[in-house]
Number of protein chains: 2
Amino acid sequence: MEKTIITKNEIMALDKHDRTRLINSLPGVRAANLIGTISGSGKTNVAVFNSVMHIGADPALMGLIMRPVSVPRDTYHNIKETGYFTVNHVNEKIVQEAHQTSARYTQSEFEATGLTEEYSLLHPAPYVVQSKVKIGLKFVEEQLIRCNQTVLMIGEIVEIMVDPNMINEHGILQLDQTGSIGVGGLETYYTLTKLVELPYAKP
Amino acid sequence: MEKTIITKNEIMALDKHDRTRLINSLPGVRAANLIGTISGSGKTNVAVFNSVMHIGADPALMGLIMRPVSVPRDTYHNIKETGYFTVNHVNEKIVQEAHQTSARYTQSEFEATGLTEEYSLLHPAPYVVQSKVKIGLKFVEEQLIRCNQTVLMIGEIVEIMVDPNMINEHGILQLDQTGSIGVGGLETYYTLTKLVELPYAKP
């Protein structure tokens, strides 16, 4: 294999867009998720994120990284204003619509992209009908990352909407059955094929 | 589609291991990465993580979530002691060895699992020979997540070791060509098939 070392100075010398694309693709595959929110005045928002993460199981917590809020970020402000957000897995059938939510719209991205709102009695923020894994969260904590002013937003899971047949006998969600897809960087989508489920490792 | 709502109370009523497996698999696919570190006395460590994330491109930053450090965590203490760590993509050929690093060993996981150390002149922490994407980082920031005492560790990219043929004309790392795999939860590994690269979205 031909292998090259790209140094920090070479990274910083890249064109801004080239650097953004390269560095975003470096961590490896990430989950493609749609974050659904609603403003205090009732305007809905849905936006694709590649930064949703597991934070803890007891209590059940998930987080996402948001870019600096020095400019208006509807998702951030809606979460702060109403206290709730939803996480909806992107699948192959809605990859175009999901990606399109990253464009700057004045109207709700639900209207603009053809994704469909869905509501639960237990949660005020909108879910995405076309997603097969939907999680409702209540905002619990915000962490400012000092070195670049990005923000980690954390929510506690209020409810999970999923077909129970897509959870296997060990309690694990089967991401190939839910059609969930991954994303490398900001724009390259990948489908998933299950390779192996390995047991808890012992020496 | 049969769809069931699993409420917060039902989640909390699950057996601890079932809850851990379910909640860990909820965010969707995550990158499987090996974190390489070395202690001040020269003992190496390599451990599989599913929490490596992009933090920013300028400066180029990556992070990972670590479980509470109330018990000894070699990776955490090595990073704090020496200030450096490496991120190495797991690929299909080393999935068993990578998963096995999560067992509790007294010796270095490099010795125990058959993964091979590799060093760069620019960076003191060990890389994994068998990985095709290797990133060297210098520790820059730690954030304690208050709601459950997990820790977000952030490093600045010092160097990237990768075959340049695996970066496309737009500067994007091709995760199918590097053989990089994803992981759902703690144990279910997925291979990646490129679906589509979509352009920057405009209304």
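Where in chain A is the place of A:Ile135? The residue sits in strand β10 (residues 133-144) of chain A; strands (E, at least two residues) and helices (H or I, at least four) are DSSP runs, numbered from the N terminus. The structure is a predicted model, in which local features need pLDDT of at least 70, side-chain atom pairs count only at pLDDT 80 or more, and totals for chains, interfaces and linings use all residues. Residues are numbered from 1 along each chain as its sequence is written, chains are lettered from A and ligands numbered from 1 in the order in which they are written, and side-chain values use heavy atoms, with hydrogens and water left out.

A:Ile135 has a relative accessible area of 0%, so the residue is buried. Here buried means under 20% relative accessible area, exposed means over 50%, and partly exposed lies in between (1.4 Å probe, protein chains only). Contact means heavy atoms within 4.5 Å. Apart from neighbours within four places in sequence, A:Ile135 is in contact with A:Met62, A:Phe85, A:Thr86, A:Val87, A:Tyr127, A:Ile157, A:Glu159 and B:Leu26. The C-alpha atoms of A:Ile135 and A:Glu156 are separated by 9.9 Å, and the two residues are 21 residues apart along the chain.

The relation between the chains was examined next. Two copies of a chain are related by a rotation about an axis and a shift along it. Chain B is superposed on chain A by a rotation of 180° with 0.0 Å of shift along the axis (RMSD 0.0 Å). This is the relation of a two-fold axis. The same surface serves both copies, as 100% of the contact residues of chain B recur in chain A. Superposition is by least squares on the C-alpha atoms of residues with pLDDT of at least 70 in both copies.

The contact takes 103 residues from chain A and 103 residues from chain B. About 9,000 Å² is buried between the chains, and carbon and sulfur atoms give 63% of this area. B:Leu26, B:Tyr190 and B:Leu198 supply 8% of the area that chain B buries against chain A, more than any other three residues. Buried area is the accessible area (1.4 Å probe) that two parts lose on being put together, summed over both.

The rule asks for a side-chain nitrogen of Lys or Arg within 4 Å of a carboxyl oxygen of Asp or Glu. Over all chains, 12 salt bridges are found. Four cross the interface of chain B and chain A. A:Asp58 and B:Arg19 meet in a salt bridge, at 3.2 Å from N to O.

Other pairs lie within one chain. B:Glu118 and B:Lys134 form a salt bridge at 2.5 Å, N to O. This pair links distant parts of the chain: B:Glu118 is in strand β8 (residues 117-120) of chain B and B:Lys134 is in strand β10 of chain B, 16 residues apart. B:Glu118 counts as buried at 16% relative accessibility. B:Lys134 counts as buried at 1%. In the salt bridge of B:Glu142 with B:Lys80, the closest N and O atoms are 2.6 Å apart. B:Glu142 lies in strand β10 (residues 133-144) of chain B and B:Lys80 in helix α3 (residues 74-82) of chain B, 62 residues apart. B:Glu142 is partly exposed at 23%, and B:Lys80 is partly exposed at 39%.
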